[in-house]
Each structure stands twice: as structure tokens, then as C-alpha cells.
Amino acid sequence: MASQAANLWVLLGLGLAGILLMTRKLKKAIREDFGAFVEKLQLLPPPQPAPPKAPHPLTGLTFAVSDVFEIDGHVTGFGHPDWARTHEAATGTSPVVSTLVEGGATCIGKTVVDELAYGISGESKHYGTPTNPAAHTRVPGGSSSGAAVAVAANLVDFSLGIDTVGGIRIPAGFCGVIGFRPSHGAVSHLGYTSVSRTLDTVGWFAKDHNILRRVGHVLLQLPYAVQRSPRQIIIADDCFQLGKIPADRLVQVVIKSTEKVFGRQVLKHENIGDYLSSKVPSLREYQRKKTNGQSKTSSQRLLANVMQFIRRHEFRHAHEEWINSVKPVLDPFTSSALHELPDTADLDSEYCRSIRNEMRSAINSLLKDDGILVIPTTVDPPPKLGSKEILSEEFQTSAFGLLSIASISGCCQVTVPLGLHDKCPVSVSLIARHGGDRFLLDTLHSMYGTLQEQADVATKSKVPKNAVSKEQAAESAKEKGNQAYKDKQWQKAIGFYTDAIKLCDDTPTYFSNRAAAYLEVGSFVQAEADCTKAITLDKKNVKAYLRRGTAREMLGYYKEAIEDFRYALVLEPTNKRASQSADRLRKLFPV
């Protein structure tokens, strides 16, 4: 019996050892590769220049490129073995890749992309789906899945990909890394296989915001310039209400970070759907043509449809001959998407051109040279591997509605990770006007550390549900007050602002806004008191100084009014109202 028991323990021990060994082997396989690469190679930088010249700006960094970029002597796979089989090796290297190598970085390989770089899930039946390092059971996102995974797994310092309808932004959000989509046309379009020529941009991933910025300076060829701070950070409230990711947490992280870095006075809120509906008339014309005026659709949903049409139309124009001649076996979703082109394609193209031009004008007008728009990167967390969720019309339309803002306008966008929710990465995106790439990189550089601090606090803290609802209710009351003010219903506006203050008495905007309404009804003492409270909470609140100056002028406190207008000018030297008011009072009452 003792001998049998001993044998049993030996067998059990061997079994457990085998399981442990297999587990270690599996973990080792994931750690080493994560399925990110389709090919390993090495492109070495040139020797360092002799002193006193500065070393190359990217010295010591490694990077990978998505398998859409040409590298001399290597075949571009474009996410499909039939493409690789029917194309010769490249006879030159993409200018973008060459610029990075000449800048001191070492390229170590090519990474997996979705089939024909067309999907957004990051799943590949041809080369295997790269493992999402941040959530192993979730999709990595595409089309530049391998490039994002290589960065997330610390296999490289940065990587290159293509963003057409989200190919950089989606995998950055799903894998918890930073992803930058530059302004359309800001980076060379030569030397890679295009998906959609008017939507494609060369983008890049990094974990370190300093590396992201260094790469940007090299690729965008940015000369030295003084860093500028944003004068408005606009939160697209309607966009944060679209999906399953907790909007309140993300918005509060952005708000608190903005207040800490730039001050509360730069924060603004906007319903971006309503704004675009009023500023992009061709979008409504397009809807009326498609539905004969029978249904109403949100601006984001319309933009999603327009963006998908453009991608489909331009992809077929570029690659239809190859598809018809080679007849590759395509994923059913890709195949059906490519064949859904309507007979009215030429007419639709005309509308799309108008929509694109109006979109760029609208976003540029909203943001000007010093504004940032904040939206969620995606509306939902990364779907589970093998699920059909990411292929559903609901998921795609919601996701593309957000992604279309930058894709159609051509503006630049950066995806910023903000920790985890339910063990999945979550993120927000910052958008700047077309051509505002340096400004966007600088803003990220200023905010990134504080955003991560606030995200960490939000993740660890157990905030009571009623505390979040108070903030929501206060913001709702403020928005109602704003509308009443626009409608010149002053007393009603005062009531709403008072409700907001009762809920959250530490927000200077509520006091400053109520002061504006008090001024309209001649309650100057109350207006002065509210402005003083707003300034106590935020010493850089320009509007509060202007309104207090007005109230003090009406109360006969001319010296104090001049001081308020002068200080508003210190904070905002180009403010005409402050300048004119101060000059007028100085002439009337020399001090």
C-alpha cells in the first residue's frame, strides 16, 4: 500500500510539473513574440556625426513597421498571402521608413495587419491574430494590430502603421498605448500600399509620450518653435454618452487634468453632433438624397456612412483589377463590404467631396489655432476574440461615427490611454485642426503626466454613485442656464445656475455665469459677489474679472473696476473688451 501511495504521489507530481512546464512555455511564447511580426529584419542607422554636431534625434530607439510599407528587397504582404505571392520584392524603401532610420532609429521587422489593411478588429486568419498584451482575451484592434502590439509588449520603442478609418487610433485604444494620426498630407504618402488615398495617413505608436513627440518632430520635419498652450479645451459631451465605457470617469479625468495644467477657464462643452449638423449642410443634403427625406439620422451616423463609402470607393478604384484577376479568398465581411458600392457612386462622390471640405472648415472654425476637441476614442471596450460584436452594424457605426471626425476633416488626432475599466484599456482622443500637429503634440506633452495621475486616482478611488450624479446634475443645470441666458430669460437662468451651485459649489464657471445673468437684471452687488467667488476658486478666470469690472463700474467703484480690466488684460492681452473698458475708465476717472 505504501509503495502504491508513493507511486501515486510521483505520478501526481510529474503531472503537475508537466502542467507547470507547459504553462511556462506558453507564457514564454507570448512574452517573446505576441504574434506581432510577420518578418524580422534589420535596418541600421548611419554612423553618428562627429562632435560638436548633435547626435541623431532617434539614436538608440528601435521600431517596427506595418506590412504595408515598402522595404528594399522585401515583399510587402498587405495582410494577405495572395498579395505577397503576386507581387515582387520592393526596389526601394519607403521615404518615411528611411527618414526614421536616417534619424538614428533601427528598424527590426514588419508587423501583422488586417486582411488588405481593411478591417478594424486586428484578427488575421492568414498570419495569426497578435495577442493584445493589455487584455489577452480581447482583440488588439486594426488595421495596424501588430504594430500596436509590438509597442504594448515592449518589443520596440515605437512603430509605424496606416490610419484610414482608425487603423492607428483603434489598436492604440484597445492595447493601451499612445497612437498619433497626423493631419492628412503632413507625412509622405509614398512607399506604402494605399487603402484609400484621401483618408490614409501614416501614423505611429509609442508608450512614452516623449518618444511619440521625438518621432513626430522627425517625420513632420518641425522646426523649433515656442510651445503654445491651448486657450480652449472642448469636451464633446454628446460623444461621451454613446457607449458602454463610463463617460463620467473619463470626462472627470480630462477636466481635473485641464484645470491643474491650464486652468478652468479654458474648459468648454459642446454638442458636436448639433454643431456639425449646422455647419456641414451637405451632410443633410446627402441624407435627404439617400432617404428621400423620410428619416432623420444623427450627424455622427451620417459621417460614418460617408467615411465607409469613401474608403470602399477608393479601395476598389485602386485594387479592383488585382482582386478580379487574382480572385483571392477574402474574409466574408471584407468581401461583402467591398461589393456594397451603389449605382450612384459618382453622385455620392460629389457629395462626399463637399462634406469633406465643409467638415475641415467646420472643425478648423471650432478649434482655430489654439483649441483641442476631446472625444472618446471608441464607444466600447475591445470585444472578445472570435466574437461577432466588432462586425455588427451597431458597433461599426458607433465607432466610425467618432473616428470619422478626424478622418473626413483631415485633422490630427492622438489617442491617450487612461488606465483600465473592467480589466480592459480605456482612452480618450485629443483632436486639433488640420495642420495643428505640433500644437497637438505639445499639448499632449504638457498634459500627459497629469492625465495619467488623474486616471490612476480614478481607477483606485471608490467614488459614490451619488457624487457622480451630483456633478452630472450640476452640469445639466448649467447647460439649462446657458440656454435660458441665450433666450434672454435672465431670472430663469439665475435659477438654473443657483441649482448648479447648490450641487457643486466649487466650480467657478457656475458663479461667473450667474454673475452674467445678474448683470442683465441690474443686480450688480450680487454680480460682484459671484465674480469674487469665481476668482477665489480660479484666479485665471478672465470672464469673472471682466464681469466684476463691469459690476464695480456700475456700483461706482471705478478704481477697482480699472484694476479688474487691467488684470484681465494681463491674463489675455488681446482681449478687446478689457482694453476698451480700461481705456474708457482711465479717461473718465484718471487714477
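Student: In this predicted model, what is the relative accessible area of Tyr-485?
Tutor: The model is a prediction. Buried residues fall under 20% and exposed ones over 50%. Tyr-485 counts as partly exposed because its value lies in between: the relative accessible area is 26%.

Student: What is the geometry of the ring pair formed by Tyr-118 and Phe-315?
Tutor: Nine aromatic pairs occur in the structure. For Tyr-118 and Phe-315, the ring centres are 5.2 Å apart and the planes meet at 75°. Planes over 60 degrees apart meet the criterion, so this pair is edge-to-face.

Student: How many residues apart in the chain are Tyr-118 and Phe-315?
Tutor: Tyr-118 belongs to the loop between S3 and H4, whereas Phe-315 belongs to helix H10. Both Tyr-118 and Phe-315 are buried. Their pair links distant parts of the chain, and the separation is 197 residues.

Student: What angle do the ring planes of Tyr-485 and Trp-490 make?
Tutor: The centres of these two rings are 5.0 Å apart. The pair is classed as edge-to-face because its planes are at 70°.

Student: Which residue has its charged end over the ring of Tyr-118?
Tutor: A charge counts as over a ring within 6 Å of the ring centre and within 35 degrees of the ring normal. Here the charged end sits 4.0 Å from the centre of the Tyr-118 ring. The residue is Arg-311.

Student: What is the relative accessible area of Leu-116, a residue with positive phi?
Tutor: Most residues other than glycine have a negative phi. Leu-116 has a phi near 55° and lies in the loop between S3 and H4. Leu-116 is buried, and its relative accessible area is 0%.

Student: Is Lys-327 buried or exposed?
Tutor: Lys-327 also has a positive phi, near 50°, and is found in the loop between helix H10 and helix H11. Its relative accessibility is 63%. The cut-off is over 50%, so Lys-327 counts as exposed.

Student: Which residue is joined to Gly-142 by a cis peptide bond?
Tutor: Most peptide bonds are trans. The bond in question has an omega of about 15°.

Conventions:
Residues numbered from 1 in each chain as written. Predicted model: local features only at pLDDT ≥ 70, side-chain atom pairs only at ≥ 80, totals over all residues. Heavy atoms only, no water. Helix = DSSP H or I, 4+ residues; strand = E, 2+ residues; numbered from the N terminus. Buried < 20%, exposed > 50% of the residue type's maximum accessible area, 1.4 Å probe, protein only. Phe/Tyr/Trp six-rings, centres within 6.5 Å; stacked < 30°, edge-to-face > 60°.
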